[in-house]
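Try each task on your own before reading its solution.

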Amino acid sequence: MAPAANGVEEQEISSSLEDYLETIYLLVQEQGFARVKDVARARDVKAASVSIALRKLAELALVRYERREYIALTPDGEKAGRRVFSRHRLLTRFFEEVLSMKSEAASEQACAMEHSLTDEAMVRLVRFFEFLGTCPSVVESFRQCPLARDGKAALSDVSRACTMCSKKSEEASMSLAELRPGQGATVAKIGATGALRQRLLDMGVLPETPIEVERVGLGGDPFWVRCQGARLALRRNEASSIMVHAVVETASK
Amino acid sequence: MLAAATPIASQFPGREIRVALAGNPNCGKTSLFNALTGARQHVANYAGVTVERRSGSCSLGDNLIEVVDLPGTYSLSSYSPEERVAQDELTAAPDVVVVVVDSTQLQRHLVLLGQLMQTGVRLVLCLNMADEARGAGQKLDLALMEKLLGFPVVETVGHRAQGVAALKEAIARVVAAAPAPSRLVLGETMDEALAAIRPHLPSTTGAIFASDWMATRLLLDDHYYAGRMAGLPGGPVALEQARQQRERIQARTGLDIAVFVSGCYYGFAQGLLREVCTQPCRPNARQLTDRIDAVLVHRWFGLPIFALVMYAIFWLTFKVGEIPMGWIELGMQWLGGLVGGLWPADSPSLLRSLLVDGAIAGVGGVIVFLPNIVLLFLGLAFLEDTGYMARAAFLTDRLMHRFGLHGKSFIPMLSGFGCSVPGIMATRTLESHRDRVITMLVLPLMSCGARLTIWMLLIPAFFPPAWRAPMLWFIYAVGIGLALLLALLLRKTLMRGDDSPFVMELPPYRLPTLRSVPIRMMERSGLYLRKAGTTILGISILLWAATSFPRPPSHAIAAVAAASVSSVAKAAAKTAEPAPPSPEELGKQAAAEKLEYSVAGRIGHGLEPVFKPLGFDWKIVTAMIGAFAAKEVFVAQMGIVYSIADGDKGSEGLRRVLARDYSPLVGFSLMLFLLIGMPCMATVAVTRRESGKWSYALLQLGGLTALAYISSLLVYQIGKLIV
């Protein structure tokens, strides 16, 4: 096994070697140094196993293992160790904070997953996690959702149970009357009450269903929309009581 | 079938099985109903509302099935009269409810099924338009569907009467079996709420009051049922439970309760379809409708095409209709002659006059419009059954909405140019009662075909040739303008309230069937004929009496005749063309004097001071009383008052006399009055019938007449100052 260029070798080292790197990285961070016996204790293995692994890591130029006692990470080794550790920390937090797992189980699960995620998946997961950090209400409403609690809710309960989302989308969305012919969107909220609301619901205009404006009468009224396969005509007034989000162009012309 | 007959017979000894057909609008329910019952059907109105109750019957083994076609509704809420009627039929506990759905629109149409499953009645699901769905590539596992739902599922093609035998067989099966517990799945949150309300529902007032459906109505805070429940034992407790559950759900889900409950039903429909639909409809399967719409509802061509379509229908109605109208007129004349011939020619028999001049002439004058009505409704039924009617409403709604009307008001109002009666009958397509009443009330302002004969008499009499066409146009325009303004006024005053929601489904285009169009046409014609036979016959006789009684004593006639002769001689002397009056003219003179002597003539005289400020004399007023029977009678009555032979043939003579006696200003004032005021008795009668209340009919009669009086008064008085 010839040592290859850095970027490639990082992906080629085995999970257990990654674990060793992570452990060494952690020990160095915590106590300033790492010895074989520290590593063996931390990973609950024999010192001999540690030595074999260290030799492999040294071959890959990730650690310097010359003196018999202390282990030093090369810059590449430190990078690789930090990478694995940050993955571990992020995944643990995800299992713990978002999915409400116990911290031990979360850490174990993180250990299992941290090696197999590709960089792309990781980057995306980080972004998602960062998004959750900026928008804690999402986590909150997910927790309130009956499906998150006991996994026994019907579809209708789940998709519409998100308090925060409906509030958020209400702020962010526009009304159906603002769409042009050839634009589609997703229904966020029905602002109407009484007979009109019931009529719209009966016609299939529900939150989270796609709706599309196909044409508008001369002078901008009434609207001709399609929703759940049905063609509906409604006045601007009625259309403006339907709040939508996620506007997309749908015109095939 | 025979095998099934025995168990039913034992279950329902000697009585019919009551079946209700429920379904969304445009699910093909009516054609299925026609296929089930054939011609054995009966149309009536539900008490207090103008919703048709359509029922019929067919046989099933030894039993008779009594089928009620419920009004098409999207759900079982209680906002519209149709929905309320459908609910009331359900509370009457039919033996079986057949839920008819459009197989190509399953997801939306199954929502109603979900609601009905809650009521606990025995159900049969009828997948109508199965051919279309199959053509679009949809595949359903019917056996699994039956298993999951727990009641029979049948595929039908209503307009081709396919699957009717299977449907009857399914009805037999379900009637014979004990009602199965509902297998409806609405989700945990909903189930919890229903379980909390259920034990508090009263158990003594009928099964439906204790059903999950009722619990759902209460949960939704449905005022109609909340009100009824409040008075029942245990009702207030149930209401309180419902309130708590409502608040719990809203707090937990953050959703409005109506949105949440609808979501539950849709969830059920989606879940069911996920299981049984092995292959959905191809999404582009309905492209034909889209391609047609691209032309018919085109941004610029849509309205011109609509104008052409309406022109074609009116041409059919009034041009083609003239031919059978001629036959009816001849038939009525023949009948009048036949009945009159029972008496000697100059018999003063009252009975003869009553029959010939009152009943036959009066009812004949109304029946003569029957071909118009049949043809107009043939055209309108065609428009409605193809799905174009909804497009027309889409195209015209913007204009109509400005005046507080609805897109669907347009076609009835347009029909009013032909005759107000079918126009008013066509307002049934309007869903909101308020829109319907406003349209009916202003509809007589659309200058009808009968009034055209008046304009043909009056305009040439008073206006020079160059003015005549613009004048005719102007009269029509005044009518339209006033109709729209009056609609707006009514909307702002008597008929105040929020706009009824304009949310309308535009159904896919379908070819109407040869079965449904004639049935609908015959219904409307039947209603019209029944009206002609009752109310209109009564008013005709009343009017006949008013124009015939009291009769002048015979010596008075002679004296009057003599006086007339001398006056005619004087007039003749004036024109320097002495001609002795012929016996025929003497007869006309006598008729004129008879009319003057009658109640109508006296009323005319009596009302003269009232109408003087409008420029009318007693002759005009007397003729207008006749115009109440039918507008075109005005021409004939003027002829009688002026002793000019038959209004049509002698219209030149009549025009000369009119031009001599009245100024063009009076002529215009008179035209305005006849345009606006006094809708004819057929119109008033049909308004009463269609609106359900005499008060609306009388408002129409009184309001329009008052408006006519004021308009004519202003025109005449201001005109007098200027001229």
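## Exercise 1: an aromatic cluster

B:Phe673 is buried, with a relative accessible area of 2%; here buried means under 20% relative accessible area, exposed over 50% and partly exposed in between, with a 1.4 Å probe and protein chains only. The model is a predicted one: local features need pLDDT of at least 70, side-chain atom pairs count only at pLDDT 80 or more, and totals for chains, interfaces and linings use all residues. Side-chain values rest on heavy atoms, without hydrogens and water, residues are numbered from 1 along each chain as its sequence is written, and chains are lettered from A and ligands numbered from 1 in the order in which they are written.

**Task.** Find the ring partner of B:Phe673 and follow the pairs into a cluster.

**Solution.** 
1. Start with the rule: rings of Phe, Tyr and Trp (its six-membered ring) pair if their centres lie within 6.5 Å; planes under 30 degrees apart count as stacked, over 60 as edge-to-face and the rest as tilted. Over all chains, this gives 14 aromatic pairs.
2. B:Phe611 is stacked with B:Phe616, at 6.0 Å centre to centre and 15 degrees between the planes. Both of these residues, B:Phe611 and B:Phe616, are buried.
3. B:Phe611 also pairs edge-to-face with B:Phe673, at 5.6 Å centre to centre and 85 degrees between the planes. This pair links distant parts of the chain, with B:Phe611 in helix 27 (residues 599–611) of chain B and B:Phe673 in helix 31 (residues 664–676) of chain B, 62 residues apart. Helices (H or I, at least four residues) and strands (E, at least two) are DSSP runs, numbered from the N terminus.
4. B:Phe611 has 10% relative accessibility and so counts as buried.
5. Put together, ring pairs join B:Phe611, B:Phe616, B:Phe673 and B:Tyr709 into a cluster.

## Exercise 2: salt bridges

**Solution.** 
1. A salt bridge is a side-chain nitrogen of Lys or Arg within 4 Å of a carboxyl oxygen of Asp or Glu.
2. B:Asp131 and B:Arg160 meet at 3.2 Å, N to O. B:Asp131 is in helix 5 (residues 130–135) of chain B and B:Arg160 in the loop between strand 8 (153–155) and helix 7 (164–176) of chain B, so the pair ties together parts that are 29 residues apart in sequence.

**Task.** Now examine the salt bridges of B:Glu192 and B:Glu240.

**Solution.** 
1. B:Glu192 bridges to B:Arg252, with the closest N and O atoms 3.7 Å apart. B:Glu192 lies in helix 8 (residues 188–197) of chain B and B:Arg252 in helix 11 (residues 235–253) of chain B, 60 residues apart, so distant parts of the chain are linked.2. B:Glu240 meets B:Arg243 at 2.7 Å, N to O. Both B:Glu240 and B:Arg243 sit in helix 11 of chain B, 3 residues apart, about one turn of the helix.
2. B:Glu240 is partly exposed at 33% relative accessible area, and B:Arg243 is partly exposed at 32%.
3. Elsewhere, salt bridges with shared partners join A:Glu214, A:Arg226, A:Arg231, B:Asp290, B:Asp293 and B:Arg391 into one network.

## Exercise 3: a covered strand

**Task.** Are the residues of strand 5 (residues 96–102) of chain B buried or exposed?

**Solution.** 
1. In strand 5 of chain B, 7 of its 7 residues are buried.
2. Take the faces in turn: B:Val96, B:Val98, B:Val100 and B:Asp102 are buried on one side, and B:Val97, B:Val99 and B:Val101 on the other. In a regular strand, side chains alternate between the two faces of the sheet.
3. Look at the neighbours, where two strands pair if DSSP finds at least two bridges between them. Strand 1 (residues 17–23) of chain B pairs with strand 5 of chain B in the parallel sense over 5 bridges, and B:Gly23 stands opposite B:Val100.
4. Strand 6 (residues 122–128) of chain B also runs parallel to strand 5 of chain B, joined by 7 bridges. There, B:Arg122 is the bridge partner of B:Val96.
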